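Open the model in your viewer and keep the selection tool at hand. The stops below say what to select next and what is there.

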Amino acid sequence: MSVIILLLIASLSVSLIFLGAFIWSIKDKQYDDEFSPPMRILFDDASEAAKKTNDEMLLFKTEQEFNYEKF
Amino acid sequence: MQSKSQEKLICSHCGEDCGSDMISVGDNVFCCYGCRMVFGLLNENGLCDYYTLNKMPGINRRADVRKDKFSFLNDEKIKNRLVSFRNGTETHIQLYLPQIHCSSCLYLLENLRRLDKRIISSTLNFPRKEITIIFNENEISLRAVVELLCSIGYEPYISLNDMNREKPTVSRKLIYQLGVAGFCFANIMLLSFPEYLGLASAEKNLRNVFRSINLLLSLPVLFYSAQAFFSSAWKSLRNKFLNIDAPIAIAILVTFSRSVYEVVSGTGSGYFDSMSGIVFLMLAGRVLQEKTYQQLSFDRDFNSYFPIAVNVLKNGLDVPTPLPEIKPGDTLLIHNDELIPVDGILSRGKAFIDYSFVTGESLPVEKETGEMLYAGGKQTGSNIELLVIHEVSHSYLTKLWNREKKDDADVEKNNSFVHLLSRYFTYIVLLIAGIAACYWWVNDHSRILNAVTAVLIIACPCALLLSSSFTNGNILRILGRNHFYLRSAQTIEDIANVNHFVFDKTGTLTSTKRMDIVYEGDALTFKQQQCIGALAKQSNHPLSVALADYLPKSSQLTVSEFKETHGMGIQGFVDGRWIAIGSKKFAVPAADTAEDSTIVYVVLDHEMIGKFIFRYHYREDVDSLIDWLKSKYRLSVLSGDNAGEGKYLKKLFGPNTGIYFHQTPENKMNYIKTLNSHGDKIAMIGDGLNDAVALRESDVGIAITEDCNNFTPASDAILEAKQLHLLPAFIQLCRANKKIVMASFILSIVYNITGLYFAVQGNLSPLVAAILMPASSISILLITFGSSNLVAKSLRL
């Protein structure tokens, strides 16, 4: 008996959390601009990747220099 | 002419044809120095991802922004109006950048701080094409920020509207209400199941717990989510007009009170699930129907066209001054391509005013010093000075605009057939409830209340509201997908009721972008054509420019003794022969001067040999559109232009169409009013500010635009020009709307009769209600969506 009541309270509070999340997402203007956010993620990655390759190249270069000095 | 078939060289920045003035840097070619500069700037700052994200994303920079164009941003007063937030270190400003079009724009504009360290950050709202820039005003001025944007091709559009802007707050209340209703509905549904499935009556306590939780959960639905229905019903009752929300509000109230009574008295479980379900579905329909297009504005007035500031000459210096502060007696300096914001007298310079915006006249008008210039014209050519005689708020255009604004109260009272239908429906339901009450009064007193409330619950016209809002919502969506944007759902019905179409000519039936040139007279040799082209190239007159563009070019020919007679024509020696081109008066002085179309005469060695006739290029499929319309509707054409195309239009529209030329905005408005008083339902289709008053006055004003980013005058609907030929399909879809709503309504009546069968007996069980209501709602949704999509498909939309 009381288990059902407990379950009931639990399920209601879980759904309340979801309602809260929904209202929050609307308030946060998440649905106002559906174009930019997915693009933004890509941009950051791109520039970081570029930086990474630069670093790698730098590393490669030093290795080469190192080898050169060795010989 | 021998020409190698060459591949067109495309500018790496903006993607336009480079033509002959190509600039090449490494692997890249550019059409102009502007584009090259932007490329250089981005390259230097490591922002070349701009070019890898999209192909040639740039904005052409051939036309440079005037150096001091944004000097008004130094004005403290203007700055205060534009800036949205400011403290010692941070200044926030929002600017509208109409050029934004792709992810490259997003990338570049959000990386502004890499171009200039003094900018703290920039964020874009893509659908609104709005950028929010945060910068440090101690280090960089607002003007410099705006000029940085200009330098990369994104010139902000700052209009008088920004001056008195109240931030439009988007109401999200409806969405919250929908969310809450959905939450409550789902939970009530879940908690009602045990009882429907036969919760043992032994577990009385548990049943009571479920029932009271349901009661609690229904409170937010009644007091929060259903607010819209109550307030609308209350408003309609106060206006003594019974709209559809009134019976719905009554039904919600009756359902709730009866349910509370049942729960409290322990006689039943109530109809909370049906109530919250129906509120949820009706709200969903409302949200769908009221979906707006963020990027469009249907309420533009002249303020969005006028600049925020103009240059006033004071003691020989030009001072940028906010427009509202312009006073009679000031002298304004108007540059090329600037809009004249006030009425005034031309005091210096050669004015070439393009009034197409105000009057629809296709060609710029020349004005001499001392002549009157009206607000709304655009100067083309050199700078002019203007002596102000009226304030902005008193100019001809503004007055015309502000006169006789439609009463807001009138607009409020919408006259959709849905309301009328619901009224009859309500009367019938009340009648049935009355009969049931009488019957039970005679037979069994205890069941009166049961029967009456059950009838009211079952028979609320929510099915009608549901079907109309979902059909409207779906039709709006289909039309929007085809670039026909309606202001509201009411417009669908208005379009369906139209019986008279009024067209503007310039910019609506014809394209503003292209001109057709036809030559009549003695045949010209290729050499002669080149000579005329070379002569025309010397002048900046729009007709000369168009002609030079049309005729074959040759760089070898030189023009000597060139002379331009203002407002008449041009002459000179080309290749040893005297050529003159110009108006009839200029070319053939003896002839009578009245002429109604745009013609340039050609005189070769003192002999008139032919003429070029300029005609606006009619949009594609205009003839099939007019053919369709004229078989079904009355038509009229109102043109601000000359009667040059009268014959063609007569042929196109047939004998029954009124075609009027030289129409002022006022004429157009009066014409619409006369038709209105004859009981015609009018759709006005126009484009410019010259049609704005007529658009407002007509039952449906449809604004045509080449591109949705352009500004359109206030209207009920916005249609992209390239979709004009689909107008018949749009009209048919709007007309189908009513049929679909009626069909689903009739279906819902079948459900209602089934429900009423139980209701009048006074034993409507919650289970029957719980099955009947969702079943009828869902089948109605399926029918409305399915049939409107089917109609759209058959119309190829």
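The tour goes from whole chains to single residues.

**Before selecting anything**

This is a predicted model, in which local features need pLDDT of at least 70, side-chain atom pairs count only at pLDDT 80 or more, and totals for chains, interfaces and linings use all residues. Residues are numbered from 1 along each chain as its sequence is written, while chains are lettered from A and ligands numbered from 1 in the order in which they are written.

**Stop 1: chain A**

Select chain A, which has 2 helices and 0 strands. Helices (H or I, at least four residues) and strands (E, at least two) are DSSP runs, numbered from the N terminus. Buried residues make up 0% of its 71 residues. A residue is buried if 20 or more other C-beta atoms lie within 10 Å of its own, exposed if 12 or fewer, and partly exposed in between, with C-beta atoms placed from the backbone.

The mean for chain A is 70, and 59% of its residues reach 70 or more. Over residues 48-71 of chain A pLDDT stays under 50, and the model has 0 contacts beyond four places in sequence for them. Two residues are in contact if their C-beta atoms, placed from the backbone, lie within 7 Å. Where pLDDT is low, the predicted coordinates should not be read in detail.

**Stop 2: where the chains meet**

Now show both chains: 16 residues of chain A are in contact with 17 residues of chain B. On the chain A side, α1 (2-27) and α2 (36-70) each supply at least two residues, and α1(A) gives the most, with 8 residues. By class, this side has 12 nonpolar, 2 polar and 2 charged residues. Here Ala, Val, Leu, Ile, Met, Phe, Trp, Tyr, Cys and Pro count as nonpolar, Asp, Glu, Lys and Arg as charged, and the others, Gly among them, as polar.

**Stop 3: chain B as a whole**

Chain B has 28 helices and 28 strands, and of its 797 residues 42% count as buried. Its C-alpha atoms fill a box of roughly 115 × 70 × 60 Å, taken along the principal axes.

Domain bounds come from an automatic or database domain assignment. Among the domains assigned to chain B, select domain 3 (173-292 + 415-471 + 735-794) and domain 6 (512-618). Their centres, taken over C-alpha atoms, are separated by 74 Å.

**Stop 4**

Centre on B:Val455. Leaving aside neighbours within four places in sequence, B:Val455 is in contact with residues including B:Val429, B:Ile432, B:Leu756 and B:Val760.

**Stop 5: B:Thr491**

Go to helix α18 (residues 489-497) of chain B, where B:Thr491 is found. Buried or exposed? B:Thr491 counts as buried because it has 23 C-beta neighbours inside 10 Å. Not counting residues up to four places away in sequence, B:Thr491 touches B:Leu486, B:Val700, B:Asp716 and B:Ala717.

Notes
pLDDT is the predictor's confidence in each residue, from 0 to 100.
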